[in-house]
Amino acid sequence: MQGMSERQYAAHVGLSRGAIQKAKTAERLVLYPDGSINTAASDARRAETTDPSKTRKPPEPKLKPVPEAAVAAVGDTLREQGLAVPAIGGGTTFLQAKTANEVLKAQERRIRLQKLKGELIERARALSLVFRLAREVRDAWVNWPARAAALMAADLGVEPATMQRVLEKHVRAHLDELAEVRPDFR
């Protein structure tokens with residue numbers, strides 16, 4: 001056998017065996033004397049005689065629309081990990097999206113593990129602890145002039161009541177300045 005069989009040629013051109021048999025009877029294929037198909041010559045003849053409007057085009061892949069927020073989140077995750085980020089409007093490949101998804105799952109697992117180990121605490125609890133600590137520090141500063149005024153007055157040779165008033169004035173002014181500062185807890 002010099003050329004291809006009908007089956008082999010059908011696989012070669014991506015058609016059914018029945019379509020190859022029809023082309024054979026319509027003499028659109030070049031055959032060797034033994035009945036096998038001359039591949040190169042048959043490909044050329046099929047290209048000349050086939051109407052391009054009647055050829056099947058491969059179906060275009062159906063893509064579901066993806067929200068821009070999801071695409072941006074994928075880009076952010078990839079960027080955080082030092083990986084290549086798709087160009088804006090260029091779309092995200094399946095591999096990039098899958099990589100970002102796996103990275104996010106790993107981050108979630110790490111956070112869950114840190115929580116179980118006690119390395120992370122909840123935000124409300126942290127805010128409560130910081131607030132309580134700040135209140136204790138404020139109360140200590142408010143009470144400090146009464147304790148320190150007598151010692152400082154003795155060192156400086158001034159009246160303890162005057163020293164306490166001056167210290168209280170400056171401590172309260174400083175605490176008022178600190179009260180204006182509002183940290184951003186996001």
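Let's start with a helix pair: in this predicted model, α6 brings Arg138, Trp141, Val142, Trp144, Pro145, Ala146, Ala149, Ala150, Met152, Ala153 and Leu156 to its meeting with α7, which answers with Pro160, Met163, Gln164, Leu167, Glu168, Val171, Arg172 and Leu175. Sorted by class, this contact holds 15 nonpolar residues, 1 polar residue and 3 charged ones.

Two packed helices are described by the angle between their axes and the distance between the axes. Here is how the pair looks in those terms:

| Feature | α6 and α7 |
|---|---|
| Residue ranges | α6: residues 123-156; α7: residues 160-180 |
| Angle of packing | about 145 degrees |
| Distance between axes | 8 Å |
| Handedness of crossing | right-handed |

Now to the other end of the chain. The largest nonpolar core has 6 residues: Tyr9, Ala10, Ile20, Ala23, Leu29 and Ile37. Both α1 (6-13) and α2 (17-25) supply at least two residues of this core.

Finally, a view of the whole chain. The model has 7 helices and 0 strands, so the order from the N terminus reads α-α-α-α-α-α-α. Of its 186 residues, 16% count as buried. The accessible surface of the chain comes to about 15,000 Å², and carbon and sulfur atoms account for 57% of that area. Among contacts between residues at least 6 apart in sequence, 34% join residues at least 24 apart.

Note on methods
Residues are numbered from 1 along each chain as its sequence is written. This is a predicted model: local features need pLDDT of at least 70, side-chain atom pairs count only at pLDDT 80 or more; totals for chains, interfaces and linings use all residues. Side-chain values use heavy atoms; hydrogens and water are left out. Helices (H or I, at least four residues) and strands (E, at least two) are DSSP runs, numbered from the N terminus. Buried means under 20% relative accessible area, exposed over 50%, partly exposed in between (1.4 Å probe, protein chains only). Contact means heavy atoms within 4.5 Å. Accessible areas come from the Shrake-Rupley method with a 1.4 Å probe; for residues, only the protein chains shown count as cover. A nonpolar core is a set of buried Ala, Val, Leu, Ile, Met, Phe, Trp, Tyr and Cys residues joined through side-chain atoms within 4.5 Å. Axes are lines fitted to C-alpha atoms, for helices over the stretch in contact, and angles run from 0 to 180 degrees between N-to-C directions. A crossing is left-handed if the near helix is turned anticlockwise from the far one by less than a right angle, and right-handed if clockwise. Ala, Val, Leu, Ile, Met, Phe, Trp, Tyr, Cys and Pro count as nonpolar, Asp, Glu, Lys and Arg as charged, and the others, Gly among them, as polar.
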